[in-house]
Amino acid sequence: MTKKEKAKYVIDELEKCYPETPVPLDHWDAYTLLIAVLLSAQCTDERVNKITPALFKRASRPQDMIKLSVEEIRDIIKPCGLSPRKSQAIYDLSHLIIDKHNGEVPQTFEELEALPGVGHKTASVVMSQAFGVPAFPVDTHIHRLMTRWGLTSGKNVEETERDAKKLFPRELWNKLHLQIIFYGRSHSPARSPKREIDYITATIGTKKALEELK
């Protein structure tokens, strides 16, 4: 199969598997999504969803978050890992959102990525899921599967994002990146993928990926 044929196959199969794509992180607006995505760095979405109710009960708006101390934020989010850095970033970005953006989460990549603790992937998730702007956030699942399927070289996430955007129609990006994540979690784990479960890799995987299937 050519890369274009593989991409078409992936789109069709994932649409069958995941016609609905709810955002895995619990949130109700752009700010709570931004905080949840920031907390998800090197932490599972499941764990984040257990932590955010306590945090958002205290502060679900930047105006409330800055009333907490960095230490108070850190105590709440500690189970997510990297809590010293994340708590400082949450506190600082909340101040900036108030001071520079009238209390509203900015709606451009440049402004989002200028916020403390917000990298390109986090900005892409917020732009796509909160504001509906086409983006293709690349996490470990997407990077792994795009590599296994021979759709990118696997050198780095930046190249994976560029290749995904070239191969997949722009209007599908926001849904498709979630579909790939869901498939990675349920069908194609990092270790010991199973041939009978990971059927997409079994069909279009690279030679190396096929050898890894058990």
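Two residues are said to be in contact here when heavy atoms of each lie within 4.5 Å. By that criterion, and leaving aside residues up to four places away in sequence, serine 83 touches Arg74, Ile77 and Lys78. The model in which these contacts are found is a predicted one.

Serine 83 belongs to helix α6, which covers residues 83-101. Is serine 83 buried or exposed? Residues under 20% relative accessible area are classed as buried, and serine 83, at 7% relative accessibility, therefore counts as buried. A further spatial relation of serine 83 involves glutamate 71: the two residues are twelve apart in sequence, and their C-alpha atoms are 9.5 Å apart in space.

The setting for this residue is a protein chain with 13 helices and zero strands. The radius of gyration of the chain is 18 Å, close to the 17 Å given by the globule rule for 214 residues, so the chain is as compact as a globular protein of that length. Along the principal axes, the C-alpha atoms fill a box of roughly 55 × 30 × 30 Å. Of the 214 residues, 49% are buried. Contacts between residues at least 6 apart in sequence include a 58% share that joins residues at least 24 apart.

Why can α9, residues 140-148, be described as largely enclosed by the rest of the structure? Seven of its nine residues are buried, and the helix is therefore largely enclosed. The buried residues are His141, Ile142, His143, Arg144, Leu145, Met146 and Arg148. Their packing partners are four helices, namely α10 (157-167), α11 (173-186), α12 (199-204) and α13 (207-212).

Both ends of α9 show local detail. At its start, a side-chain oxygen of aspartate 139 comes to within 3.1 Å of the backbone nitrogen of histidine 141. After the helix comes glycine 150, which has a positive phi, near 70 degrees.

Definitions and conventions:
Residues are numbered from 1 along each chain as its sequence is written. This is a predicted model: local features need pLDDT of at least 70, side-chain atom pairs count only at pLDDT 80 or more; totals for chains, interfaces and linings use all residues. Side-chain values use heavy atoms; hydrogens and water are left out. Buried means under 20% relative accessible area, exposed over 50%, partly exposed in between (1.4 Å probe, protein chains only). Helices (H or I, at least four residues) and strands (E, at least two) are DSSP runs, numbered from the N terminus. A polar contact is a pair of N or O atoms within 3.5 Å; within protein, one must be able to donate a hydrogen and the other to accept it, and residues adjacent in sequence count only if both atoms are side-chain atoms. The radius of gyration is taken over C-alpha atoms; the globule rule is 2.2 Å times the number of residues to the power 0.38.
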